[in-house]
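Work through each task with the structure open, then compare with the solution.

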Amino acid sequence: MSSDDSDRALSLETSVPPILSQELSTQAPHMAAPPVSVEHDPLAWPAAQKWIVTAALSISGFNRIIVSTIMAPALPTIASELDLTSTQSLSALSAFVLATAFSPLLAGPLSEVYGRAPVLHITNIWFLAFNIACGFVNTGAGLIASRTLAGFGAGAIYALASGVLGDLWPPEMRGTTISIYLLVPLLGAAVGPIIGGYVEQYTTWRWIFWSTSIVQALTVGICFVCFRETHRQTLESKANNPSSKWKIPAFPRHLLWKSISVPPKQLALYRSVQLQAILSGFGYGILYLLLSTYSSLFTDRYNQSASISGLHYIAICLGEIIGSQIGGRLMDYLGRKAKQMARSDRFEPEYHLPIIFPGAVAAAIGFLLYGWAADRHLHWIIVDLGALILSLGTQMTGQGLQAYNMDTYPDSRASTSAAVQVFRSMGAFALPLAGPKMFASLGYGWSNTLLGLVYLGGQVGATAFLWKKGKGLRGVSELIPLQAL
């Protein structure tokens, strides 16, 4: 084995970000990993135990997705009561998503220092506290501030999910496990606006936040009972020092700072991470553009009530669920075929990418059908069918990118996921703000045609580039010292 291979194996063995591995071995020799037992290796846990942890994480993501979209049907009422313009009310909706760009930058590295469980529990409680506060505000500024702080707590899940799923499951099962993990959160994309429409129509918009806070309180309890630490280095450290089981361990300040600085440095230096971030950001922005404008399409152009317009989100939800279940299994199948064709014993991250091609084509078809059906004021079921196909395609491409992201740098996957999440959240914040003006100037037909062409060309072109050059980019990145910035 070459010296480079040995270094990489050591980094994978300890599950410490590469920037910290050498310093930890010299400055904290007591933290060196002993021979790994089954108990301390989550990959070797019984399947039932791994699914319980995965389910707890999935439930935690459910309410966060609901809260991100539940305001959409009630925006006109909230704007009227709090004296907000349409742009300001959209900002209150999007502020939650914008905040999720920044919390993973802390949550990802911290979960690789202190473990996944403390970060999950603390951010769960943080999210609960500020979501409750949203229901009591009396000013637009107060609502935007509370939504931002709630989103900061909610956003941690985006880094934790990649870390926990990567801790528990091998790359060959990445598609299946991601699809099952996403099943519950994706229901939130449809349930949120539906609940929001009925709450706004029959009670007060404040119950949008109070009802979801009740759900979040239950989620906190479930996670305390069912979620188990999955970060292997944390498990080994606690096994060596049983008295620290319920304590957050001390960590050298300069090493902690270097850990937190990993995601922005990866984003600045690693071209593979940069490309993943751009693709994910545009795809996620498209989804939130659809979610934020879908209700108003049916209230304005089809003269439907807020509660009825919210029911159309079922089409988007079905598309995402179907896309996740078909895409996950198809991803694993195509990955196995790619591995066989390469005659390799190692499962390369690029084997996750082929699923993106059919997903991008489906999304482009959905853009055209949804856009021109709405533009020509065709029957609402055709609009819903287009939205279903669109969301199905974007879900398949998103899963392929997420799986690729998880395995590109496996020794710091939570930090890498946090780096990509910056662009995802920025896209989800910015595109919905531009949506109404774009639809007003170009119409639904040409706006969605333009978006579909850009989406198809960008996803296919960038994926082909990663398929051909991705391994080389990762090799070059390993030679770049993150201490350079």
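Predicted model: local features only at pLDDT ≥ 70, side-chain atom pairs only at ≥ 80, totals over all residues.

**Exercise 1.** State which residues line the second largest cavity, then give the elements that supply them, the classes and the volume.

*Solution.* 
Step 1. The lining of the second largest cavity consists of Ser-68, Thr-69, Ala-72, Leu-93, Ser-94, Val-97, Tyr-288, Leu-291, Ser-292, Ala-428 and Pro-432.
Step 2. The space in the second largest cavity is about 60 Å³.

**Exercise 2.** Find how many cavities of 30 Å³ or more the model has, and give the volume of the largest cavity.

*Solution.* 
Step 1. With the cut-off at 30 Å³ or more, the count is 3 cavities.
Step 2. The largest cavity has a volume of about 640 Å³.

**Exercise 3.** Describe the lining of the largest cavity by residue, element and class.

*Solution.* 
Step 1. This cavity is lined by 34 residues, of which Tyr-158, Leu-182, Tyr-284, Gln-402 and Arg-424 are the closest to its centre.
Step 2. Two or more lining residues are given by each of α3 (47-69), α9 (156-168), α10 (174-202), α15 (271-300), α19 (380-408) and α20 (413-478).
Step 3. The largest share belongs to α19, with 8 residues.
Step 4. By class, the lining of the largest cavity divides into 17 nonpolar, 14 polar and 3 charged residues.

Note on methods
Residues numbered from 1 in each chain as written. Heavy atoms only, no water. 1 Å grid on protein atoms, 1.4 Å probe; cavity = no way out; pocket = protein on both sides within 12 Å on 5 of 7 lines; lining within 4 Å. Points joined across faces, edges and corners; volume = space filled by probe spheres on them. Helix = DSSP H or I, 4+ residues; strand = E, 2+ residues; numbered from the N terminus. Nonpolar A, V, L, I, M, F, W, Y, C, P; charged D, E, K, R; others polar.
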